[in-house]
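This briefing walks through a few parts of one protein model, grouped by topic. Please keep the sequence and the structure in view as you read.

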Amino acid sequence: MPNLIPATDLSAFVSRCLTACGMPEGDAAKVATLMTRADLMGQDGHGVFRLPMYVKRILAGGMNLTPRFALLQDRPASALVDGDNGMGHLVMQHATELAMEKARKTGVAWVGARQSNHAGPASLYAMLPAQENMIGLYLAVGSANHMPPWGGTDLLLSTNPIAVAVPALQFPPIVLDMATTVAAYGKVKTAAQRGEPMPEGWMIDRDGKPLTDPARAAEGFLLPIGGAKGYGLSLIFGILAGVLNGAAFGRDVVDFNADAETVTNTGQAILVLDIAAFTDPARFRADIDDVWRQMKSSERMTGVDEIRLPGERLHRVMAKRTADGIPLPGALQERLATLATELGVAPL
């Protein structure tokens, strides 16, 4: 059974590790908060699981610990941020806060980012505007290519996720967070660490046969959701978050997992809609409550015990883990203990 770790303890540990690597304390605390929130939400492939990889990249010189963010383009309702190869969490928190500031004035704002890095789960940033009577939509180019174009075999596309968060009144926000592949690659990596097989349908090998051993993931590729439609979504999201921002796309994407030194130039984008620009926020959020009720009260098919809305599991997991602690598998705890020794910091 995994041990349960209080969120405060996990966040403090992440902060200690990043500070030991040379990251300023304030920035380390921000990153630790966002990483821990990922684990609280049940996004286990994007939380503390990623810490050893982040540390490896930092120590190899592949990431800038003291970035100076620059506005390459700045208009009333849009901007392009250069993250100066900083930690992706810091770049995207900055970009999201900028988009929210602009949306309060213009009603809608789109902020793109280049020279960023892996930033954790997409929902982290879509949910920030939802706390402020806004709707958030986030797009990113994934941090490694694991999917070919439909019908091809060259790995030219990534999971390229999208997240949308819509606030309600009495209910939690509706949160859609999905990769354009059947499974995010982080799930493949966590399955490998746990020694668990993958379900059929996540990956196939180059002969088109199902691949269920995560240790053999390099021999195949991820499958897109909905066949060619998922390929199309990955392509378009990659263009909007990557090509439009002057960030890496296609053959230029650096495998974050295999290469710790090369600058990734990761591209991301955040769109924020101020609900007040369209309608009364309280009324809108009450209407979203009604959407909740309609969906939940739908007559169910035989064998279905509950209809869930996007993000409903996320909120349940967050409530449980906030109260009980975050479960960390033994293999991950061992890796984090080793990391603590290597960095000379107090372990969990």
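Predicted model: local features only at pLDDT ≥ 70, side-chain atom pairs only at ≥ 80, totals over all residues.

Two strands are said to pair if DSSP finds at least two bridges between them.

- Strand β8, which covers residues 203–205, pairs with β10 in the antiparallel sense, and 3 bridges join the two.
- Within this pairing, D205 stands opposite G220, a residue of β10.
- The open sheet to which these strands belong has 3 strands in the order β9-β8-β10, and the pairing is antiparallel.
- Because β9 (210–211) and β10 (220–222) stand at the edges with a single partner strand each, one side of each is left without a neighbour in the sheet.

- Helix α1 (residues 7–20) and helix α10 (residues 330–343) have axes that come within 10 Å of each other and cross at roughly 35°, and the crossing is left-handed.
- On the α1 side the residues that meet the other helix are F13, C17 and A20, while on the α10 side they are L336, L339, A340 and L343.
- Sorted by class, this contact of α1 with α10 has 7 nonpolar residues, with no polar and no charged ones.

**Nonpolar cores**

- In soluble globular proteins, nonpolar side chains tend to be buried together.
- The largest nonpolar core here has 33 residues, of which L18, M23, V48, L51 and L328 touch the most other members.
- At least two residues of this core come from each of α1, α2 (25–40), α3 (51–59), β12 (326–328) and α10.
- Apart from this core lies another, of 31 residues, which includes V81, V111, I270 and V272.
- If neighbours within four places in sequence are left aside, L328 is in contact with P2, N3, I5, L10, V48, Q333, L336 and L348.

**Single residues to look at**

- T96 is found in helix α4 (residues 88–106), and T96 counts as buried because its relative accessibility is 0%, where the cut-off for buried is under 20%.
- Not counting residues up to four places away in sequence, T96 touches Y125, L128, P129 and I270.
- N85, in the loop between β3 (78–82) and α4, has a positive phi of about 60° although it is not a glycine, and N85 is buried with a relative accessible area of 9%.
- N265, in the loop between α7 (228–241) and β11 (266–274), also has a positive phi, near 50°, in a residue other than glycine, and N265 is buried with a relative accessible area of 14%.

Note on methods
Residues numbered from 1 in each chain as written. Heavy atoms only, no water. Axes fitted to C-alpha atoms, helices over the stretch in contact; angles between N-to-C directions. Helix = DSSP H or I, 4+ residues; strand = E, 2+ residues; numbered from the N terminus. Left-handed = near helix turned anticlockwise from the far one by under 90°. Contact = heavy atoms within 4.5 Å. Nonpolar A, V, L, I, M, F, W, Y, C, P; charged D, E, K, R; others polar. Core = buried A, V, L, I, M, F, W, Y, C linked by side-chain atoms within 4.5 Å. Buried < 20%, exposed > 50% of the residue type's maximum accessible area, 1.4 Å probe, protein only.
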